[in-house]
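Good morning, colleagues. Please look at the structure on the screen while I describe how its parts are arranged.

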Amino acid sequence: MTNRAFRPAAPLIALVVGILLMLPLFVESTYALHMMILIFISVITGSSWNILGGYTGQYSVGHAAYFGVGAYTTMMLLQFRQVPPWYGVWAGAAAALVIALIIGSICFRLRGPYFVLASIAVAEIVRVSALNLKNITNGAEGILVTEIPPWTVGGATITDWQSKVPFYYVGLVFALVVILVSRLVRSSKLGYYFQAIREDQDAAHSLGINLTLYKNAALSISAIFTSLAGSLYAVYVGFIDPSTVLGLDLSVQILMIGIIGGVGTILGPVVGALVLVPLSEALRSNVIAQGLINSGLVREDSAVGAFLKENLAHAHVLIYGILVVIVILFMPDGVLGFVRRIAVKKAKA
Amino acid sequence: MEIFLQSLISGILIGGVYALIGIGLTIIFGVMRVINFAHGELLMLGMYATYYLFSLFHVDPFLSIFITMPLMFLFGAFLQKIVINRTLASPPQNQILLTIGLGLIMSNSVMLAFTSDYKILSTKYSSSSVRIMGISISLPLVISFAITAVITVALYWFLLKTDTGQAIRATAQDREAARLMGINVSRMSIIAFGLGSALAATAGALISPTYYIFPQVGSAFTLKAFVITVLGGMGSVVGATLGGVLIGVAESVGGVYFGSGWKEVVVFVLFLLVLLFKPSGLLGKSTT
Amino acid sequence: MAILEIRHVSKFFGGLAANSGVSFEVAEGMVMGLIGPNGAGKTTLFNCITGYYPPSTGEVIFAGRRMNGLQPDRVCKLGMVRTWQKVRPLTNLSVLDNVIVGALCRTNSVKRARDIAAEQLRLVRLDHKNALAAGALPIGERKKLEVARVLATRPKLLLLDEVMGGLNPAESEEIIRLILDIRHAGITQMVIEHDMKAIMRLSDRIVVLNSGAKLAEGPPEEIVRDPRVIEAYLGPGE
């Protein structure tokens, strides 16, 4: 995998980053910015998951725990203690780290499917606790942001929190940082050891690798960045409750971003985010149904048309499910792996 | 004391139904080594089938088992043969994801077809209760337990006394050895998944008079099924039986003493304790 | 000076004694052969020695230090490392990366580790395949890879578990040459092998296990003539 990775050239990367940095200057559509922010959040969660799942081979289906802990810490500090979110995110990260080390000490004694089950169980414990500890978290009512103080950063002071632009840049910076960290980790001793653990845990152990230490290292990095995404999401959307930020659905979604692009690669989660976010948004907002009708493929007044218009918006999770099944059956190396294999075949032809 | 006894008995009765769910999952794991994340959705399908058989055709939920059980057996067999079989040689995470995906497809298709509205299946006896030893117990629960007991006994007889049943046990014990002895192991996988699905759906049918019916009801049961099978030992039918009753009791009694909001946490904490201290379960053999 | 002392080591699995009361010493710099029929407890002994699981009774002393209960990674850092009866390549990593993982035991610098790894691969004559995925190698080269990988951890004592299993004569010859080179470099070795001719050539001393207990110990010429050893392998009678 280390040799067969797809590595875009540096100038291309610089170009893409440059475009992303300047995007809000010439794109006015708030909807486009909204999509980009969601994509950034997904890139962050997917890449973070990848460090634990893709590199180290520990498939967590409970990553919502870290997302939610970040979200809740930031929101509780903001709403109940008036701590601005640019400090709150770090408290969130610290809280997520503590939770991660506790979870790690329980779950890393287990392997394979038992680890998966344990990761789900602990995330559910966190969710139900948030639901029940109403005095601390507001329980099922959730937490709503009422006001974000002005923020002075660089030379500028941000006062307009209705605008998507500040969230866009925070998202972009976090996403770039996590991608950079992924790259640095992979080419470092940490990365080698993580992958050794993934490939053969017992062999790795006998080669001098302290399994507990390194698994917890992977989890810690993963949890911290996932919590940053959670904090950003919370302040951006302005409202959180246990089912949206701590639910099993979210954990599965994070897992899928990591897998659909291609496990264990740097670009994989990016591709995963680029596929899943627009698809889910398009379904949610009825764009696809409208598109099919407008293009004449389906008549608006037909039974199929009416059905699509009614229901496709609710069907995005169904499409998720179908996508997962298709990817697992036909593209087990993810979209990236699939594309790569086709490219290799074409090159040979 | 009466409250304790009442919750204990309800716990045991519902535990019987949980045992069915757990047995189904443990057979699937034992034979195929697949962790079926869609198990709860199979139960949900059983619930919906029972609901519509009742509301459209007035078939009593308990009697409708004769229809849903074979139907869901075939459905499960079909799923295994056409979809899941392709991933049996893949790493376990692929299988996990596949069953997660199938579960999502099942629950969301049902949501699209029948909406997320909570459905209630009310029979004449849904809220009837019966007095046993001075304690009031829900009648549907007693009937479910009785049916569960019958099915479990039949299952044990099948596994112990019939050729196919013994072949399944052989495959669960050692797939390669079974293959070398001439057992058609892929056929065993199909039967196992069919059986597991039928049992899950039957459990769904049994609880439909007393539970809300909605598309997402499955996921809570999937997790519970895992806890049961791990507790009893993955692959052990007897273990799953005992595990089911234990979880039923833990949940029921835990709910009374800690508040119903914390009942799930009681179960999960129990789960983690077992995973940590006796991962092979109370009765199981270690297969990791 | 004995680099490894095995003192009355026993290992029980339930009621089964996989090893019972095994005692011997390995002197520094030698090649100790470990032989015995299948099921004699040879790999179990390796597992006890390297911390895969602790012995039930008895002691493992390495370079004067009691090793019972130490984890395999600690054992490796202290200078004792093993290869596996069933080869365990890190399949999706390249050949070079496999050995880098080994080298990282002694350094935190990936660059330094890469240099060490490249050198080891050159020594086992596998460096032409550095960029290939380990999973793509045939069995003989996988065995060489595993040897290169453990050598990169700079061990004082190397435990080789049937490293010639499944190899053709030419491949076995290469491994024999490797073992002799390693001996020349001053690294102590304990070798489990079924290939009698190879064991005779390589070993300074041989320990014979049978049904978990030590049956005999001595220089190769004595062992090969020992009637108890012959009976253990060929059965009683002729």
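Predicted model: local features only at pLDDT ≥ 70, side-chain atom pairs only at ≥ 80, totals over all residues.

In chain C, helix α1, formed by residues 42-50, lies across β1, β2 and β4 of that chain, and the helix runs at about 65° to β2(C).

In chain C, four strands form an open sheet in the order β2-β1-β4-β5, and their pairing is antiparallel. Which strands of chain C stand at the edges? They are β2, residues 16-27, and β5, residues 65-66; each has a single partner strand, so one side of each is left without a neighbour in the sheet. As a general point, strands of a sheet pair through backbone hydrogen bonds, either parallel or antiparallel.

Consider now one pairing in detail. Strand β1 of chain C, residues 2-13, is joined to strand β4 of chain C, residues 57-62, by five bridges, and the two run antiparallel. Within this region, Arg7(C) has Glu59(C) of β4(C) as its bridge partner.

I move on to the domains of chain C. Domain 1 comprises 1-79 + 157-238, while domain 2 covers 87-154. Taken over C-alpha atoms, the centres of these two domains of chain C are 24 Å apart. Where they meet, nine residues of domain 1 of chain C are in contact with eight residues of domain 2 of chain C. On the domain 1 side, α2 (72-78) and α6 (169-184) of chain C each supply at least two residues. The largest share of that side, three residues, comes from α6(C). By class, the domain 1 side of this contact holds six nonpolar, one polar and two charged residues.

Next, the contacts between chains. Between chains A and B, 35 residues of chain A are in contact with 34 residues of chain B. On the chain A side, α5 (112-132), α12 (248-261) and α16 (316-330) each supply at least two residues. Which of these helices gives the most to the side of chain A that touches chain B? That is α5(A), with 14 residues. The residues on this side of chain A comprise 26 nonpolar, six polar and three charged.

Finally, the contact between chains A and C takes 19 residues from chain A and 25 residues from chain C. Two or more residues of the chain A side are given by each of α8 (189-199) and α9 (201-206) of chain A. α8(A) gives the most, with six residues. The side of chain A that touches chain C has seven nonpolar, nine polar and three charged residues.

Notes
Residues numbered from 1 in each chain as written. Chains lettered and ligands numbered in written order. Pairing = 2+ DSSP bridges. Contact = placed C-beta atoms within 7 Å. Axes fitted to C-alpha atoms, helices over the stretch in contact; angles between N-to-C directions. Nonpolar A, V, L, I, M, F, W, Y, C, P; charged D, E, K, R; others polar. Domains from an automatic or database assignment.
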